[in-house]
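Dear colleague,

I am passing on the structure below, followed by some notes on what turned up when I went through it. Please read them with the structure open beside you.

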Amino acid sequence: MVTLKRTNQEFRNFVVGVFYSLLIALGVFLLTLFALNLAPDMPQLVDLKRWSNISDAINLIIGLPIAFAGAYVAISIASRAADISEKQQTQQDHLYYEQLHEQLIDNYFSIAQSANQLVSAANRFEETFYTHLSLETASKYSVINFVDDDHRRLYIQDMLVQNRNGIADSLNTIHDDIKQQIHQLVEAIDLAFKHAAVNESWQVSTSDPQCNSLLSDASQRGLFSGDFRMYKSGIDWLVSAQSEIVERLDLHQINNTLTAEQGEAHPLLPYCLYITELNDYASGSRKAQKAGTLEVLLAGYFLMTHAHRNEEGDKVFFNSGALFLVDLIQNLPTSEHVRLAFSKRFFHTEAVYAGRDVSGEVDDLYADAVSAYEQLDQNSQRLFLLLAQNIQFSHYSPRIRRAREMIQSIISEHTGNAESIPLLRIKYELLNSLADDK
């Protein structure tokens with residue numbers, strides 16, 4: 001409606017201007033005739049040549065408004081064409097970045113969904129284990145009570161080896177599903193980060209000064225012997241973690257084969273023992289009971305673990321996979337990060353078209369994105385602000401986000417080594433010699 005009113009008003013102004021110009025020309029012509037009529041001898045005094053000059057002057061007076069009208073029309077058409085071209089470019093920019101936003105939503109949703117499915121599969125593993133354990137002990141004990149860790153280990157090992165009530169078959173089926181879910185999570189990450197838009201928004205998110213990676217912090221504090229402390233970029237630790245996860249899956253395949261051939265501890269024994277440790281902690285911790293997200297820790301255990309040498313030189317394993325899982329969800333970009341990432345892309349694209357050099361390594365990607373946004377015109381800023389409002393990942397994976405709050409609180413309360421941190425410490429990690437030498 002505003003555009004229509006403005007167009008009608010411009011047209012009315014144009015018509016009125018032409019009308020007034022014609023009236024002025026007509027008035028000048030009439031005044032000339034009137035002056036000639038007042039002087040009867042004037043036609044004899046004015047020869048043919050002078051009449052020609054007078055005629056040319058009159059034509060000039062009348063032609064000026066017509067020429068002005070023509071010039072005005074040409075200028076108006078050119079201005080309107082420029083406005084239309086600018087609007088078309090704005091619409092194309094809006095459509096382009098809207099498609100990028102949809103691409104972000106699809107890819108990040110796929111990652112969050114894969115993480116949720118992994119946590120759900122870990123939860124089924126936990127519930128199945130306790131269901132079979134209850135069936136095993138229902139006829140013998142009213143309450144499951146192990147004398148010590150050795151008794152717990154031997155009892156569960158015997159259940160798994162003998163496959164009582166089909167516990168080993170059930171857990172093996174779920175474990176196969178868990179491994180499939182892990183592969184899907186890694187694949188979802190790989191597919192998502194094939195897109196430049198995902199990489200840009202992720203880098204802005206992880207370079208935000210308020211970003212806190214538990215995995216990197218734990219590595220820097222020496223809670224486990226991992227390489228994540230070497231990486232400053234969020235992309236680096238993400239790629240490194242993926243490599244560790246895939247390698248752990250391969251080691252499990254080897255370990256399962258070795259234990260099956262040598263008749264040693266059942267391959268699922270470490271996970272079952274870890275479940276009982278989580279349950280013991282939850283029973284004595286109000287914080288863990290309130291959070292109700294211990295299945296996230298179990299899913300992290302399936303993902304990845306790292307060793308740490310204690311004071312006695314023994315290996316203590318650390319649930320670094322849980323840190324990776326909660327960091328992955330926590331670092332999903334906010335609407336602000338998306339706005340800054342696409343503003344940075346738009347600003348650099350325009351700079352390239354203008355012939356300005358934008359190459360060179362940037363130390364602070366977040367600050368660079370903020371600077372790019374501030375240098376955009378108001379229309380572009382409003383465009384990215386409007387589009388970014390559609391990006392809301394904060395409601396994705398609530399279980400994993402609650403688990404992160406709990407883990408972060410636990411880590412902050414313990415300043416010692418990995419062995420002193422409950423929930424993340426793993427007492428039983430059965431890997432083959434290749435893993436020990438790693």
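Asn331 lies in the loop that runs between helix H12 (320-330) and helix H13 (335-353), and since this is a predicted model, what follows describes computed values throughout. With a relative accessible area of 4%, Asn331 counts as buried, because the cut-off for that class is under 20%. If its neighbours within four places in sequence are left aside, the residues in contact with Asn331 are Trp202, Ser205, Thr206, Cys211 and Trp237.

The strands form an open sheet of three, in the order E1-E2-E3 and with antiparallel pairing. At its edges are strand E1 (306-309) and strand E3 (425-426), each of which pairs on one side only. Strand E2 (residues 315-318) is joined to E3 by two bridges, and these two strands run antiparallel; Phe318 stands opposite Arg425 in E3. As a general point, strands of a sheet pair through backbone hydrogen bonds, in either a parallel or an antiparallel manner.

Where contacts link residues at least 6 apart in sequence, 79% of them join residues that are at least 24 apart. The accessible surface of the protein chain comes to about 23,700 Å², and carbon and sulfur atoms account for 54% of that surface.

Terms used: Residues are numbered from 1 along each chain as its sequence is written. This is a predicted model: local features need pLDDT of at least 70, side-chain atom pairs count only at pLDDT 80 or more; totals for chains, interfaces and linings use all residues. Side-chain values use heavy atoms; hydrogens and water are left out. Helices (H or I, at least four residues) and strands (E, at least two) are DSSP runs, numbered from the N terminus. Buried means under 20% relative accessible area, exposed over 50%, partly exposed in between (1.4 Å probe, protein chains only). Contact means heavy atoms within 4.5 Å. Two strands pair if DSSP finds at least two bridges between them. Accessible areas come from the Shrake-Rupley method with a 1.4 Å probe; for residues, only the protein chains shown count as cover.
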